[in-house]
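Have the sequence and the structure open as you go.

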Amino acid sequence: MLKKTELYIENKQVDLYGDEAFLLNFNIVDISDISAKASSYSKEVDIPATKENNQTFSHLFNVNSEGYFNPISKKTAEVFVDGVCVMKGYFKLNSITIIDNEYVTYHGVIYEDAVNFVQTL
């Protein structure tokens, strides 16, 4: 049975390629080392350059007509699978595929916003 995957960047749902799921890596720290920090992340996520996504990405990441963008910008992100939030963190845009002067695909990674226990004290 296919799972429905949804990605929200800055609380705006972005279009994905059909029912394509992307891989998430979950890391667990050794509880005996309270200063350790483990952060989960996704494999690279490919996002289609739809009209809606182009508007969202040009606004959030300052993408211009030549394909340049702010490489240090990161935006809040949430991944839902079948309506359940499985990761909360931020999305970092890594690159854009451009063919014949048209955006084709945005490539990025989602990082969990893990805060280690010591930082919260």
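## Before you start

Keep in mind that this is a predicted model. Residue numbers count from 1 along the chain as its sequence is written.

Let's begin with strand 1, which covers residues 5-9. Is this strand mostly covered or mostly exposed? Mostly covered: 4 of its 5 residues are buried.

Strand 1 pairs with strand 6 (residues 74-81) in the antiparallel sense, over 5 bridges. If you want a spot to look at, find Y8, which stands opposite E78 in strand 6. Strand 1 also runs antiparallel to strand 2 (residues 12-14), and 3 bridges join these two. Here I9 has K12 of strand 2 as its bridge partner. As background, in a regular strand the side chains alternate between the two faces of the sheet.

## The turn between strands 1 and 2

The hairpin of strand 1 and strand 2 has 2 residues between the strands. In this hairpin, E10 takes a positive phi near 50°. N11 is found in the loop between strand 1 and strand 2, and its phi is near 65°, a positive value in a residue other than glycine. N11 counts as exposed because its relative accessibility is 67%, and the cut-off for exposed is over 50%.

Now for the rings: the model has 5 aromatic pairs. How are the rings of F57 and F91 arranged? Their centres are 5.9 Å apart and their planes sit at 85°, so this pair is edge-to-face. The two residues come from distant parts of the chain, with F57 in helix 1 (residues 51-61) and F91 in strand 7 (residues 84-99), 34 residues apart. F57 has 1% relative accessibility, so it counts as buried. F91, at 0%, counts as buried too.

F57 has another ring partner in Y106, and this pair is stacked, at 4.2 Å centre to centre with 15° between the planes. Again the pair links distant parts of the chain: F57 is in helix 1 and Y106 is in strand 8 (residues 102-112), 49 residues apart. Like F57, Y106 is buried.

## A lysine over a ring

There's also a charge to look at by an aromatic ring. K74 lies over the face of Y90, 4.3 Å from the ring centre.

H107 has its place in strand 8. Is H107 buried or exposed? With a relative accessible area of 11%, which falls under the 20% cut-off, H107 is buried.

Which side chain makes a polar contact with the side chain of H107? That's T97, at 2.6 Å. Leaving aside neighbours within four places in sequence, H107 is in contact with E44, V45 and D46, and also with K92, L93, N94, S95, I96 and T97.

## One more loop residue

To finish, go to the loop between strand 7 and strand 8, where you'll find D100. The phi of D100 is near 55°, a positive value in a residue other than glycine. D100 counts as exposed because its relative accessibility is 72%.

Notes:
Predicted model: local features only at pLDDT ≥ 70, side-chain atom pairs only at ≥ 80, totals over all residues. Heavy atoms only, no water. Buried < 20%, exposed > 50% of the residue type's maximum accessible area, 1.4 Å probe, protein only. Pairing = 2+ DSSP bridges. Phe/Tyr/Trp six-rings, centres within 6.5 Å; stacked < 30°, edge-to-face > 60°. Lys NZ or Arg CZ within 6 Å of the ring centre and 35° of its normal. Polar contact = N/O pair within 3.5 Å; in protein donor to acceptor, adjacent residues only side chain to side chain. Contact = heavy atoms within 4.5 Å.
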